[in-house]
Amino acid sequence: MWEKATFGGTRFNGNGLSHAILHSSDMALVTLPVTTDSSGNRIPDF
Amino acid sequence: MEEVEDWIRANNITDKNEINNLYVNASLPPKYNAKGELNPRDYDTFAAIQVTVDDKALKGGKPQFKDEVTEADSQERELFEETMLKNGIKDYNLSDGWGFFGGKDHLYKGTVFIPIRDSVVGSLVNSGQAPKINLPSDANSIN
């Protein structure tokens with residue numbers, strides 16, 4: 001799951017979860033315009 | 001897009017054709033396709049979670065949009081280090097660097113976007129097993 005995630009336009013490593021702290025358990029579902037990165041992954045287009 | 005969504009919410013607009021017109025007028029692709037589903041070519045749904053991460057969490061390079069937790073936020077950096085050690089990452093050390101010699105470990109605060117289509121969350125949503133919140137108006141709510 002984290003390998004597909006993006007943070008400021010940057011993808012996560014496989015070990016992303018172990019190097020991240022969640023500020024809270026709150027999660028929001030958001031619909032965003034998407035673009036495709038160089039690896040063919042759909043990422044948010046800001 | 002955020003401004004359009006704010007307008008839609010403020011005016012309680014639910015008609016999908018009307019919503020599409022508002023999107024197009026704002027020079028955005030239509031939100032819904034002919035079936036009334038989210039336009040899958042131009043939009044996706046993401047789980048957004050607020051996190052703090054270090055360099056090692058990210059795949060090469062620095063994030064484009066970053067809110068760095070600098071040495072001025074020493075308590076936050078210490079808390080991150082303590083949490084990593086508690087989580088079993090042995091000898092974790094968040095370095096502030098050594099002047100001209102560099103070696104500084106970066107820490108960033110921001111929002112992580114996880115595409116739900118390919119995730120556990122997405123599977124739950126698509127299977128209808130996602131956790132639901134009972135609002136007071138919900139027939140199943142406990143009043």
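User: Which residues of helix 3 of chain B are exposed?

Analyst: B:Ser74, B:Gln75, B:Glu78, B:Glu82 and B:Lys86 are exposed, meaning 12 or fewer other C-beta atoms, placed from the backbone, within 10 Å of their own (20 or more is buried, in between is partly exposed). This is a predicted model, in which local features need pLDDT of at least 70 and side-chain atom pairs count only at pLDDT 80 or more, while totals for chains, interfaces and linings use all residues. Residues are numbered from 1 along each chain as its sequence is written, and chains are lettered from A and ligands numbered from 1 in the order in which they are written. Helices (H or I, at least four residues) and strands (E, at least two) are DSSP runs, numbered from the N terminus.

User: And which residues of that helix are buried?

Analyst: B:Arg77, B:Phe80 and B:Met84 are the buried residues of helix 3 of chain B. They line one face of the helix, because they fall within an arc of 60 degrees seen down its axis, taking directions from the axis to the C-beta atoms.

User: What covers them?

Analyst: The cover includes strand 3 (20-22) of chain A, and strand 1 (43-54) and strand 3 (107-115) of chain B.

User: Changing topic, which residues touch the most other members of the largest nonpolar core?

Analyst: Among its 24 residues, they are A:Ala5, A:Phe7, B:Phe46, B:Val53, B:Val112 and B:Ile114. Such a core is a set of buried Ala, Val, Leu, Ile, Met, Phe, Trp, Tyr and Cys residues joined through C-beta atoms within 7 Å. Strand 1 of chain B gives the largest share of this core, six residues.

User: What does B:Val112 touch?

Analyst: Not counting residues up to four places away in sequence, B:Val112 touches A:Ala5, A:Phe7, B:Ile49 and B:Val51; contact requires C-beta atoms, placed from the backbone, within 7 Å.

Technical notes: Two residues are in contact if their C-beta atoms, placed from the backbone, lie within 7 Å.
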